[in-house]
Amino acid sequence: MIDPKTLRNDAAMVAANLERRGYSFDAAAYAELEARRKQLQTDTEALRQQRNDSAKSIGKAKAQGEDIAPLLAAQKTAGEALSQREVALAEVADALESLQMGLPNLLDDSVPPGRSEDDNLELRRWGEQRSFDFEPRDHVALGEALAQLDFASASRISGSRFAVMRGGLARLQRALIQFMLDMHTREHGYQEVYVPYLVQADALLGTGQLPKFAEDLFKIEDERGFYLIPTAEVPITNLVRGDLLSEADLPMRFAAHTPCFRSEAGSYGQDTRGMIRQHQFEKVELVHIVKPEESDEALDALTGHAEVILQALELPYRVVALCAGDVGFSARKTFDLEVWLPGQQRYREISSCSNCGDFQARRMGTRWRGASGGKPEPVHTLNGSGVAAGRALIAVIENYQQSDGSVVVPDVLRSYMGGIEVLSV
RNA sequence: GGAGAGAUGGCUGAGUGGUCGAAAGCGCUCCCCUGCUAAGGGAGUAUGGGUUAAUAGCCCAUCGAGGGUUCGAAUCCCUCUCUCUCCGCCA
């Protein structure tokens with residue numbers, strides 16, 4: 001969440017910043033609530049001080065064998081006044097907290113203006129779009145012709161927005177995942193982690209998926225309150241929840257492969273063909289925990305690590321800076337990697353790399369303290385896909401297709417494919 | 001699933017109703033001594049919030065979490081979570 005001190009002292013700046021997202025923050029209403037909180041808190045604390053002082057005097061009087069009955073009666077009345085204030089204070093504090101938890105992160109100054117993804121700013125392109133001497137097909141046509149991509153079975157089992165893969169294609173996805181994890185752990189300094197796919201609400205509150213985006217999540221209907229992770233960002237980032245880290249602990253880089261589960265409640269009719277948008281997909285996720293002054297360069301490094309994957313796979317892509325209206329709730333700045341899909345004749349998101357600043361750290365209570373002492377302060381957290389395996393698979397199929405419908409296995413994946421060089425019927 | 005033990009500050013670990021925000025040790029910081037990478041002495045050292053010019057004082061809260069009893073709770077009661085040990089089961 002946004003630093004409560006900033007909210008208190010610089011509400012106009014906050015309102016102006018969030019306005020760029022199209023979010024309207026009622027600074028006046030906040031200030032009023034905050035003023036009530038302050039008054040109630042001051043009153044409550046004064047009453048508590050009186051109670052504590054009296055309780056001590058009672059203890060002393062009793063020790064000296066004096067009659068304490070009248071003192072006790074007075075204390076009891078005072079106690080009732082106090083508990084009334086405490087109830088009122090708790091209500092206001094709750095209201096204030098839920099307001100704070102619902103505010104998106106402040107945007108970095110460098111985030112370009114704009115309302116939707118159409119306004120995102122293209123920063124650079126890599127690779128050449130392949131020219132085909134035949135009409136390139138999309139991954140659905142290719143996969144089904146190979147009898148390795150099976151939406152009919154998936155819908156029989158689970159309904160729409162699921163895929164069944166068979167044979168070489170299933171293996172190709174596994175190869176992609178292995179390749180990506182090996183690259184990040186061997187070349188980019190990440191520690192591989194294995195994490196739970198079921199998490200508690202507190203973890204989702206920490207990274208910002210809750211309380212506002214419950215409709216995007218799958219919740220398990222039993223008394224234990226599990227949610228399926230929508231991204232590995234949630235369990236990985238929460239590895240440091242509540243921690244007080246030392247300077248020597250930082251930076252931390254974690255990588256994990258997990259499935260991701262998304263309800264896609266708000267996306268009816270979008271990307272219904274193929275496996276661009278599924279309820280379940282595989283992703284390799286990268287997370288950095290860093291000192292605040294290092295988070296800007298960490299974002300560049302993180303984005304670069306994801307780019308290396310696409311470069312190694314020789315997949316053409318472009319890097320875009322998300323505009324103000326498209327940056328996610330918890331992020332203050334985001335770069336997306338968009339891979340070229342010949343079947344769609346357009347670039348599609350395959351990685352999203354975000355600097356969340358201290359927003360998640362504040363929610364999670366993750367702080368660090370420098371070697372020279374000083375007060376603990378929130379760390380900065382970053383996350384990015386490195387990259388989405390399902391979409392990487394689509395990109396490989398479409399970019400490496402041949403006129404006969406077979407798909408060449410990219411060089412860097414061959415060692416993971418047990419000698420298979422081409423997927424064919 | 002059954003039985004038992006536990007959860008205290010950066011760490012270890014005392015503390016069973018009042019002067020305990022909390023002994024002691026370790027670690028860390030500063031100072032002193034010491035002609036040397038040893039040892040010793042002294043002081044300091046939790047977090048959040050309020051007040052304030054103040055990272056000075058003063059005040060409030062926090063001893064796994066949430067309720068309760070009490071004038072007063074780390075200490076008593078209830079619920080929950082987690083950890084450990086043993087048994088059972090299982091991948």
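1. T381 is a residue of strand β15 (residues 380-388) in this predicted model. Helices (H or I, at least four residues) and strands (E, at least two) are DSSP runs, numbered from the N terminus. T381 has 0% relative accessibility and therefore counts as buried; buried means under 20% relative accessible area, exposed over 50%, partly exposed in between (1.4 Å probe, protein chains only). Its side chain makes a polar contact of 2.7 Å with the side chain of Q360. A polar contact is a pair of N or O atoms within 3.5 Å; within protein, one must be able to donate a hydrogen and the other to accept it, and residues adjacent in sequence count only if both atoms are side-chain atoms.

2. On conventions, this is a predicted model in which local features need pLDDT of at least 70 and side-chain atom pairs count only at pLDDT 80 or more, while totals for chains, interfaces and linings use all residues. Residues are numbered from 1 along each chain as its sequence is written, chains are lettered from A and ligands numbered from 1 in the order in which they are written, and side-chain values use heavy atoms, with hydrogens and water left out.

3. Chain A contains 12 helices and 17 strands. Its C-alpha atoms fill a box of roughly 100 × 45 × 45 Å along the principal axes. Of its 425 residues, 48% count as buried. Helix α12 (residues 389-399) is mostly covered, with 11 of its 11 residues buried; among them are the charged residues R391 and E398.

4. Helix α3 (residues 27-63) packs against helix α4 (residues 69-101) at an angle of about 150°, and their axes are 8 Å apart. Axes are lines fitted to C-alpha atoms, for helices over the stretch in contact, and angles run from 0 to 180 degrees between N-to-C directions. The two helices are therefore roughly antiparallel (under 35 degrees counts as roughly parallel, over 145 as roughly antiparallel, 65 to 115 as roughly perpendicular and the rest as oblique). By class, the contact of α3 with α4 has 17 nonpolar, 5 polar and 8 charged residues. Ala, Val, Leu, Ile, Met, Phe, Trp, Tyr, Cys and Pro count as nonpolar, Asp, Glu, Lys and Arg as charged, and the others, Gly among them, as polar.

5. There are 21 residues around RNA strand B, of which R8, K38, Q41, Q75 and R369 come nearest (near means that a heavy atom of the residue lies within 4 Å). The surface divides into 4 nonpolar, 5 polar and 12 charged residues.

6. An N or O atom in the side chain of E45 is 3.1 Å from a base nitrogen of RNA strand B. For Q49, a side-chain N or O atom is 3.3 Å from a sugar or linking oxygen. R51 places a polar side-chain atom 3.2 Å from a phosphate oxygen.

7. Cis peptide bonds join L210 to P211, with omega about 5°, and L250 to P251, with omega about -5°. P211 is in the loop between α8 (201-207) and β6 (227-228), and P251 in the loop between β7 (244-246) and β8 (252-261). D271, not a glycine, has a positive phi of about 50°; Q345 has a positive phi near 55°.
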